[in-house]
Amino acid sequence: EQRSPTTYYVRKGPSAGGMLFPRESSSREIKELNGLWNFRADHSLNRNLGFEQAWYKSRLAESGPVIDMPVPASYNDITQDPRLRDFIGWVWYEREVLVPSGWVSEGTRVVLRVGSAHYYSVVWVNGIKVMEHEGGHLPFEAEIVEVLRNNPGGACRITIAVNNTLTLQTLPPGTIQHIDDPTRYPADYVVQNTNFDFFNYAGLHRPVMLYTTPKAYVDDITVLTTFADNIGLLSYQVSVLGSPNPTVTVTLSDKGGRCVASSTGPSGVLKVTDANLWWPYLMHENPGYLYSMGVSWAAFIVGSVYEDVYALPVGIRTVQVTNTQFLLNNKPFYFHGVNKHEDADIRGKGLDWPLMVKDFNLLKWLGANSFRTSHYPYAEEIMQMADRHGIVVIDECPGVGIKDIRSFGNASLSHHLAVMDELVRRDKNHASVVMWSVANEPAAEMPPAGFYFKTLMAHTKSLDPTRPVTFITDSNFARDKGAPYVDVICVNSYFSWYHDPGHLEVIPFQLNTQFENWYGKYQKPIIQSEYGADVVPGLHTDPPMMFTEEYQKMVLQNYHDVFDRKRKEYVIGELIWNFADFMTAQTVTRVVGNKKGIFSRQRHPKAGAFLLRERYWRLANETGLLPESTPFCA
């Protein structure tokens, strides 16, 4: 597509430097831009009219009609227009704000940050292009203070064009199909094809904000933790930009605000006596313990004193994988959790605080200690909740639907590597994140898959040598070309559903064989990363039949019987598919979405939720680590 010829400052692809989550401090301010934005979808034939007419150069309403659009939210389900629900192409957002006069003074940076936009984005401020970004689910930002200074009065008109088109080189991939058959289809008929089973929601899914820092500032922080006996050790690396010789001070405070360690210099080690370790939920009486790491620096630059202050929550914990166990803080950890989606009525994938809090309350009610971010990185606010509540996370990139051999080419691999750069940079300091997942159910038996995943996993380990790396497979164990390079085998299977549908009696045989095959070949611990069955809430039969609540219960019980035998050997976890029902594309196998949730899309429990709750609390009790004060109500 055409791009604007007027560019002031552009960041394209992975932004240079760090990507610290914006936090207010004595040296930093934040202005959230959530709320109503002006919006227009480009319905022109080539979807390019907005660029051809340069809609970004003036108010969006001056070039045509606009509607209200809430941010953050997917745009698909907001209106009654079916064309917008299934729209493919460029949509345009606009918001005008006033920037405080103090923000544009010398010595201050002003940064525009977009938490997530699906999929490709171009951003202008006052008609000047400031950045582009490829990929949904991850943040991107640009410094805009010089643009603001050229516009007296503090006016700031932000225009964001977002394109949700997926190709063989995007992540996730897709194809655009042009159908030219006037006897069967309207003229210029275009279809977006994908190989993933969730709705391709689009728009500004996470908060957009402006924030300030001093001219010289803390750009990035990396923390690595370990412990010996009762001594916690935090190795840190602080990057300060804009000052050649900053004086860096680092302090570590406990939950009560008491300083327990301090150091000076941009790198060093903090030693904490009688350290409180970060433990998962139901594994310790005080799970999710976080310290506050305060980073400050000061410097004298050209006659002025600059200082910056940033506080980073950190947890002290270790991760280790053996050929039969997953160890957290040197103790065996068994994943009993869920797969999720960022998905809900009306707002689609938009960040929703009430829904987020409700989901974490349901996770804890369920007795779940973990989830996978299937099939893309979740909002930073969700990761912070997981840190605080002690919920363990397998952090997955958007590598879902890699089924076409053309998606294993150099262009795809290069983009996939860049996405892992962005993901690790964003989430590297989250104590809850214990493993990276680079893909879900790729065509791992194809010849190029070996080099592709060997390269991808080696790169991810080079970015973060402290965490294991995996991908989620549904391939044949003997022909999977990516499995040799993972640290943990994660297998999806749906016996008696997609295979031998309706035949519950095959589950014990096929599941046992699955585990024996994978462990026999690779000698690595195994997580059952997906299993389950669709349920239409309130549908009942006896004997159980598919799509009834009774059938889902029987599927789960049959899987659990095998899990209980194999977790004594090398199975280290089970993640139900799915936490809640979610929207998908319309197909003959989906009745208004995927119904494999143990909760409905509105978070009402099905019978399977109560079965899983009883099991998860029993598993927590059996570890011997559940504090006596924790009640269990079956």
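Trainee: Which residue of β30 is the bridge partner of Ile 472?

Mentor: Two strands pair if DSSP finds at least two bridges between them. Here Ile 472 has Cys 490 as its partner. Strand β29 (residues 469-473) runs parallel to β30, with 2 bridges joining them. Strands are DSSP runs of E, at least two residues, and helices are runs of H or I, at least four, numbered from the N terminus. The model is predicted, so local features need pLDDT of at least 70 and side-chain atom pairs pLDDT 80 or more, while totals for chains, interfaces and linings use all residues. Residues are numbered from 1 along each chain as its sequence is written, and side-chain values use heavy atoms, without hydrogens and water.

Trainee: How many bridges pair β30 with β31?

Mentor: Strand β31 (residues 526-530) pairs with β30 over 4 bridges in the parallel sense. Asn 492 stands opposite Glu 530 of β31. Between β30 and β31 the chain passes through helix α8 (residues 507-522), a right-handed β-α-β crossover (clockwise from the first strand over the helix to the second, with the strands pointing away from the viewer).

Trainee: Which residues of β30 point one way, and are they buried or exposed?

Mentor: In a regular strand, side chains alternate between the two faces of the sheet. In β30 (residues 489-492), Ile 489 and Val 491 point one way, Cys 490 and Asn 492 the other. All are buried (under 20% relative accessible area, 1.4 Å probe, protein chains only).

Conventions: Buried means under 20% relative accessible area, exposed over 50%, partly exposed in between (1.4 Å probe, protein chains only).
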